[in-house]
Amino acid sequence: MNEIALSYGRGHLDITLPPGARPAVIRKQALPKLADPKAAIRSALDNPIASAPLAELARGRSSACILICDITRPVPNRLFLRPMIETMIASGIAREKISVLVATGLHRPNLGDELAELVGDPWVLENVRVENHYARDEDAHIDFGFTKTRSTPVKLDRLFAEADLKIATGLVEPHFMAGWSGGRKVIAPGVAHHETIRTFHSARFMEDPLAVQCNLIGNPLHEEQLEIVRMLGEVFALNTVLDEERDLVCVTFGEIIASHQAAVDFVSGATQVAMDRKFSTVVTSSAGYPLDKTYYQTIKGMVTPLDILKPGGTLIIASECSEGFGSPEFREAQARLVELGPDRFLATLTAKNLAEIDEWQTEMQLKPMRLGRVELYTTGLSGGDRELTGVGVIDDLTAAIARSISRSSDPDVAIIPEGPYVVPRYAG
């Protein structure tokens, strides 16, 4: 127990605990792997939740669009895209009328070799249209008006909105704002216009106490996403759940809301781990590749374990940041945080109806900063980028853990190897 591996990059980072440290390693419950993932996917398509089988859904349709998550999510697209497309073709949809759309939200497009890695099957790229969503392309969206509940402007990608058969695919995992990823989230923000995204990433939503991981009840983001889905009409989804080795343990298909809820129900109990105490030292990760490619995504790992961090304690996170910092807009938001400090930075957000692009991630970083000290171990950031994180950057995890134990006089250390994919809950 003195040597523990954290998910880091495409592998693991071995850390050695200082003498006297008492580790509590927090992992999600082990779930049985699917013996035949391809057969499980075929069964899900043939035995859907609250809908007809895919073969029947595709019959008589003039076109189809399948949404996939961008490169930041390790969704096993290689397993399900081809059987879905072949089923559609066999049911009469012309090959040239089938498209795959990468739900980038406001992230950068996935192109070239990265797109090939994301799709995971050359046959798909050779046989159907594969496009990226561009949230800032005005002509690429259809205006649906506003949601009735919170007046969110709803503009969605035309390629998806005009398809006769609409299917979202994704990974169901804890999400630090929307409760759970996957399902409706692949549509909004996945293929939404920047005004839609910036509205429900504004402080009005972000500061809501119910906009937290693993919570869908009363979560304003989730409620807006559901309303947007209903404005679209008939939509379906394929949802996947992966274990720590990125192997498939669950797949559901069917009506988008019902099939997503079924996947959430499957994974919820295994992902949330009850703890009988809080810790002065919490060591976590950004879940490794692809989530730890940028500092932008790293912030998710800082927020997830806050329920077990004692006020004034130290949160230490390891993230490779192999692609560096993140978008130029995120860099600008972090520069304002460093210049203004947390309180003044937050004050600049609360009066806005539209958040500036990517500043919501900086806003989420305020949550761990309010509670305690945040320290980052990374091999991907240098120079000014380290300063722009706004947190302490360390080069020795063992020494950082020892300092935290010394400050708190508390030798107990919580260690979360898989970062934001595991949600510890204080049950004391």
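Two strands are said to pair if DSSP finds at least two bridges between them. Helices (H or I, at least four residues) and strands (E, at least two) are DSSP runs, numbered from the N terminus.

The model described here is predicted, so local features need pLDDT of at least 70 and side-chain atom pairs count only at pLDDT 80 or more, while totals for chains, interfaces and linings use all residues. Residues are numbered from 1 along each chain as its sequence is written, and side-chain values use heavy atoms, with hydrogens and water left out.

**The sheet**

An open sheet is formed by six parallel strands in the order β3-β19-β15-β16-β17-β18. Because β3 (22-25) and β18 (392-394) stand at the edges with a single partner strand each, one side of each has no neighbour in the sheet. Strands β16 (residues 309-318) and β17 (residues 373-377) pair in the parallel sense over five bridges; L315 has V374 in β17 as its bridge partner.

Angles run from 0 to 180 degrees between N-to-C directions, and axes are lines fitted to C-alpha atoms, for helices over the stretch in contact.

| Helix | Strands touched | Angle |
|---|---|---|
| α14 (residues 359-371) | β16, β17 | about 130 degrees with β16 |
| α16 (residues 397-408) | β15, β16, β17, β18, β19 | about 160 degrees with β15 |

**The core**

Among the 101 residues of the largest nonpolar core, M88, L165, I187 and Y295 touch the most other members. Beyond its neighbours within four places in sequence, I187 contacts residues including L67, F160, V229 and I256. A nonpolar core is a set of buried Ala, Val, Leu, Ile, Met, Phe, Trp, Tyr and Cys residues joined through side-chain atoms within 4.5 Å, where buried means under 20% relative accessible area (1.4 Å probe, protein chains only).

Conventions. Buried means under 20% relative accessible area, exposed over 50%, partly exposed in between (1.4 Å probe, protein chains only). Contact means heavy atoms within 4.5 Å.
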